Amino acid sequence: MNVFEKKDINELLNRTSPLKRTLHTWDLTFLGIGAIIGTGIFVLTGKGALTTGPSLALSFLLAAICCGFAGLCYAEFASMAPVAGSAYTYSYISFGEIIAFIIGWDLILEYALGAATVAAGWSGYFVNLMSNLGIHIPSALTAAAGTTPGVKTYFNLPAFLIVILITCIIAMGINQTKRVNDTMVVIKLAVILLFIICTVWFVKPQNWKPFTPYGIYSFHNGTASGVIPAASIVFFSFIGFDSVSSSAEETVNPSKTLPRGILYSLGISTVLYIVMTLIMTGVVKYTVFAKFLDAPILAVLKATGQTWLSIIVSIGAILGMTTVILVQLYGQSRITYSMSRDGLFPKFFGDVSLQHQTPYKGTWFFGIITALAAGVVNLNILSELVNIGTLTAFILVSAGVLWMRHKHPEIHRGFRAPWVPVTPIIAILFCIMLVVGLNWETWLRFIVWFAIGLCVYFGYSYKHSKIRA
């Protein structure tokens, strides 16, 4: 039994794809920005600021550096093997089938829980916006059971419906997905720039003192605090840029455009995160965010007296989180499509619509499951699983670059990560540092999901794998 059998990269490159190539550099850049900018700015800045103070900007920078080094590795792999599947395909080439299956299994969890978690946050902003417009949604239908202390809730209807709507858009075709994402990203960026222009004049440098009240790593009130723990929190903000590489078979000239899209989106998003964080912690003292955890930007608007911006910002937040959900569901559908095509999942998940040229059955299957999770599951206790799955993928892709440079230096690479072996080693070390910061409950749940995955692999995938056909 050889569970470490590898894919031949030349065979992958010569394979024809039924998917439609229509994405260019800026489409991919907007896809990456759509995945990155959303929850980080509109939700996580409050919790992050309470964890580390004004030095939250350093936490975002640290998380960005981790993703940046990993992004360079993704860019090299994407230029070397421009096929759908992202980290799953790269692991298949480098380490063999069982490792590829495990990382694909992890990515399914990452994208599903990530999209469901963001949908729950989207619901909060949507309900608040409707309330401001005089439309009141029954409390029982605004959150999953047990998620809102003191309030009886049963089902998060807005979260369920937005996931279903986005699933429909993705199933209709890549052109529709691209147009919707590009439009929403442009509006989202315009709202963020408007917020910056209107609030930067209210920054008080004294609010940045002390800049690192909890140091690099410490314990405050029984919880981990400081720059590194906050970086583990805001790392969630950058999750999704890797889904850009899953669009390889729908990209024009992927060996050049994929690396550009990955790196451009990371760079633009990092600059915006740092600028927004410095403004927010400069306008109000970081402790104020304790009262505005669900919508930290509203604390800044209230302090500056610019409450007229609140509706515009709410619309920006809704659009921002919508694009995050869209890109994560899109990435998930392409991972399952790749695994099905390789025989590791049933053929059902790889069926491509002749009319829309999308893997529509798998898209709808996981879209409905994600929608139900957003509607009925208390995601507060599961969201950290997204981080551990992503960090595992980053580690394997970075290690894969080292392995392929050593074993297959002759393979053409449209983009070569600089400073190898230093770059992938630094990426691996940063990821390990962030993984260590996760709590033991997250590790236990991850191990359970891992064990279920092994049962699926040995019970179905190994027997049906096309690599042995």
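Q: Where does P421 lie?
A: This is a predicted model, and in it P421 lies in the loop between α14 and α15, the latter covering 422-436.

Q: Is the peptide bond from V420 to P421 cis or trans?
A: The bond from V420 to P421 is cis, with omega near 15 degrees.

Q: What is phi of W419?
A: Phi of W419 is near 60 degrees, which is a positive value in a residue other than glycine. W419 is found in the loop between α14 and α15.

Q: And is W419 buried or exposed?
A: W419 counts as exposed, at 62% relative accessibility.

Q: What about Q357, what is its phi?
A: For Q357, phi is near 55 degrees, again a positive value in a residue other than glycine. Q357 lies in the loop between α12 (309-341) and α13 (360-376). Its relative accessible area is 28%, so Q357 is partly exposed.

Q: Back to cis bonds. What joins K209 and P210?
A: A cis peptide bond, with omega of about -5 degrees. P210 is found in the loop between α8 and β1.

Q: Rings next. How many aromatic pairs does a search of the whole structure find?
A: The search gives 28 aromatic pairs. One of them is Y214 with Y286: the ring centres are 6.2 Å apart and the planes are at 85 degrees, so this pair is edge-to-face.

Q: Why does the pair of Y214 and Y286 tie together parts that are apart in sequence?
A: Because Y214 lies in the loop between α8 (174-199) and β1 (218-220), while Y286 lies in the loop between α10 (254-283) and α11 (297-304), the pair ties together parts 72 residues apart in sequence.

Q: Are Y214 and Y286 buried or exposed?
A: Both Y214 and Y286 are buried.

Q: How far apart are the ring centres of F238 and Y273?
A: They are 5.3 Å apart, and the planes are at 65 degrees, so F238 and Y273 are edge-to-face. F238 lies in the loop between α9 (227-234) and α10, and Y273 lies in helix α10, so this pair ties together parts that are 35 residues apart in sequence. Both F238 and Y273 are buried.

Q: Which residues form one aromatic cluster?
A: Among them are F101, W105, F345, F348, F349, W449 and Y462.

Q: What sits over the ring of Y92?
A: The charged end of K7, 5.4 Å from the centre of the ring.

Q: Helices now. At what angle do α5 and α14 pack?
A: Helix α5 (residues 87-94) and helix α14 (residues 384-407) pack at about 40 degrees, with their axes 9 Å apart. The two are therefore oblique to each other, and the crossing of α5 and α14 is left-handed.

Q: Which residues make the contact?
A: From α5 they are A87, Y90, S91, I93 and S94, and from α14 they are A393, L396, V397, G400, W403 and M404.

Q: And how do the axes of α5 and α6 cross?
A: They cross at roughly 170 degrees and come within 7 Å, with helix α6 being residues 97-132. α5 and α6 are therefore roughly antiparallel to each other. The crossing in which α5 passes α6 is right-handed. On the α5 side the contact is made by A87, Y88, S91 and Y92, and on the α6 side the residues include E97, I99, A100 and F101.

Notes:
Residues numbered from 1 in each chain as written. Predicted model: local features only at pLDDT ≥ 70, side-chain atom pairs only at ≥ 80, totals over all residues. Heavy atoms only, no water. Phe/Tyr/Trp six-rings, centres within 6.5 Å; stacked < 30°, edge-to-face > 60°. Helix = DSSP H or I, 4+ residues; strand = E, 2+ residues; numbered from the N terminus. Buried < 20%, exposed > 50% of the residue type's maximum accessible area, 1.4 Å probe, protein only. Lys NZ or Arg CZ within 6 Å of the ring centre and 35° of its normal. Axes fitted to C-alpha atoms, helices over the stretch in contact; angles between N-to-C directions. Parallel < 35°, antiparallel > 145°, perpendicular 65-115°, else oblique. Left-handed = near helix turned anticlockwise from the far one by under 90°. Contact = heavy atoms within 4.5 Å.
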